[in-house]
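Good morning. I have one structure to show you today, and I will go from the whole chain down to single residues. Please take a look at it first.

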Amino acid sequence: MSDGGPAVRRLADWNRERLLSLADEFGSPLYVTDLQRVRENCARLLSAFPDAHVSYAVKAHAGRAVLETVRETDIDAECASAGEVERALAAGFPGDRIRYTAVNPPAADLDHVVERWEENPELTITVGATDTIDRLRERGFDGRLCLRANPGIGAGHHEKVRTGAHAKFGIPIDRVSDLAAGVRDEFDLVGVHAHAGSGISGDDLSAHRELVRRMGDLARSVGDLEFVAVGGGFGVPYREDEPALDLATVADATREALGGTDAQLAIEPGRYVVADAGVLLSRVNTVKAVPETTVVGIDAGMTSLLRPAMYDAYHAISNLSRPDTETVPTIVAGPVCETSDVFADGRPLSRPERGDLLALGNAGAYGYEMASTYNSRPRPAEVVLDGDEFRLARRRETLDDVTSLERTASEHPHTDQ
Ligand code: LLP
């Protein structure tokens, strides 16, 4: 297998003319996802972890074209909801390539996934609470079960994405061995699982190593397991000068920390697969010079890309319409009536003018997936590229879509029965 191309793909590596013409054709805001880059990222993961079982965390980008592209590699699907399981099945993943990780699962999710399991008995369900085991039992599930541990170690780019030590996730690690022994007769106990958090950089490697070490100990103490899953979370560089995470170093550290076990190492990256395969294109609506800066109002907002508002996340921005002009300090803001609807403050940009097209980098992961219709704003369209080809993968939402769920009193009169 090839090494999958360069470890980093920055905004400047995209074909500017092509992005400009896509926005002319499909309008803005527009997500553009490059499937060839998804393939390269998958190939790099598979070559760094040749002995591991690799699943793609569907939550990062659940679009069908991305899922089909991942399915064609040796990477399976890790799903966080019944909806994601549906999308993985629809994209052609067979049941034995789907792992469903139940996080405080609503009853309807369990009903649905257990129904799917009946048709696909090789589907694996990961649970993070003994309660969930009871609820699966009530539904007749006795298939492939994995226990999610709370390892007591969190890591990641922001407090809000550090999962490993938060009580919401997983069963306290010191209780997992006993639980495993207790459920073995009833279920096909295949694995143990933990996830530290998301966006782990080289600086967090010691936390990752410690989590893997604890999971290795757990796998040895439980014994007779098919796999030991140590989560996803591999970070990608968002800032232009940030170095890429060296996957070979992560892989070596992981193997060493895991120690000897018959259980296969399993990883489930999401961001790493899709982040730099996507950009968000957005048109400048207004340019307002104020004494201290220039406020650049664009047609994408926190409803299209939530990460800056939610995590103060940095996304590179470039003015595709004016690549060579000198820069001015700007505030880049969206059209939503919220102070946090700001993508950047103090960012140098090539003298933006009304109608210019901006690109926001690394928008492939947790971009469209976290979009909303707040302020009654339709969600963007998405175009996928594959070599010389491109096509619309998700149409733009319309104002009709925004109102279409509502029912009037005359259509659905209130009754007490
Ligand atoms: N496995 C589990 C159990 C997870 O909860 C997650 C992410 C992953 C794998 C994949 O993590 P990744 O490789 O993508 O870092 N919306 C946030 C990220 C939230 C991640 C939640 N769980 C963001 O935009 O940074």
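Let me start with contacts along the chain. Among the contacts in the protein chain with a separation of 6 or more, 73% are between residues 24 or more positions apart. Keep in mind that this is a predicted model.

Now the overall build. The protein chain has 12 helices and 18 strands. Its radius of gyration is 23 Å, close to the 22 Å that the globule rule gives for 417 residues, so the chain is as compact as a globular protein of that length. Along the principal axes, the C-alpha atoms fill a box of roughly 70 × 65 × 40 Å. As for burial, 48% of the 417 residues count as buried.

Next, the inside. The largest nonpolar core has 119 residues, and V192, V228 and V279 have the most contacts inside it. Which helix gives the most to this core? That is α8, residues 205-222, with seven residues. The core also draws at least three residues from each of two domains, domain 1 (35-274) and domain 2 (276-398).

α8 and α9, which covers residues 247-258, pack at an angle of about 35 degrees, with their axes 7 Å apart. The crossing is right-handed. On the α8 side, the contact is made by L205, H208, R209, V212, R213 and G216. On the α9 side, V250, A253, T254, A257 and L258 make it.

Last, some backbone details. Where is the cis peptide bond that has an omega of about -5 degrees? It joins S28 and P29, and P29 is found in the loop between α1 (16-26) and β1 (30-34).

Two residues have a positive phi of about 55 degrees without being glycine: D312 and S376. D312 is in the loop between α11 (307-311) and β13 (317-319). S376 is in the loop between β16 (357-360) and β17 (381-386). Are they buried or exposed? D312 has 12, so D312 is exposed. S376 has 9, so S376 is exposed too.

Terms used
Residues are numbered from 1 along each chain as its sequence is written. This is a predicted model: local features need pLDDT of at least 70, side-chain atom pairs count only at pLDDT 80 or more; totals for chains, interfaces and linings use all residues. A nonpolar core is a set of buried Ala, Val, Leu, Ile, Met, Phe, Trp, Tyr and Cys residues joined through C-beta atoms within 7 Å. A residue is buried if 20 or more other C-beta atoms lie within 10 Å of its own, exposed if 12 or fewer, and partly exposed in between; C-beta atoms are placed from the backbone. Helices (H or I, at least four residues) and strands (E, at least two) are DSSP runs, numbered from the N terminus. Domain bounds come from an automatic or database domain assignment. The radius of gyration is taken over C-alpha atoms; the globule rule is 2.2 Å times the number of residues to the power 0.38. Two residues are in contact if their C-beta atoms, placed from the backbone, lie within 7 Å. Axes are lines fitted to C-alpha atoms, for helices over the stretch in contact, and angles run from 0 to 180 degrees between N-to-C directions. A crossing is left-handed if the near helix is turned anticlockwise from the far one by less than a right angle, and right-handed if clockwise.
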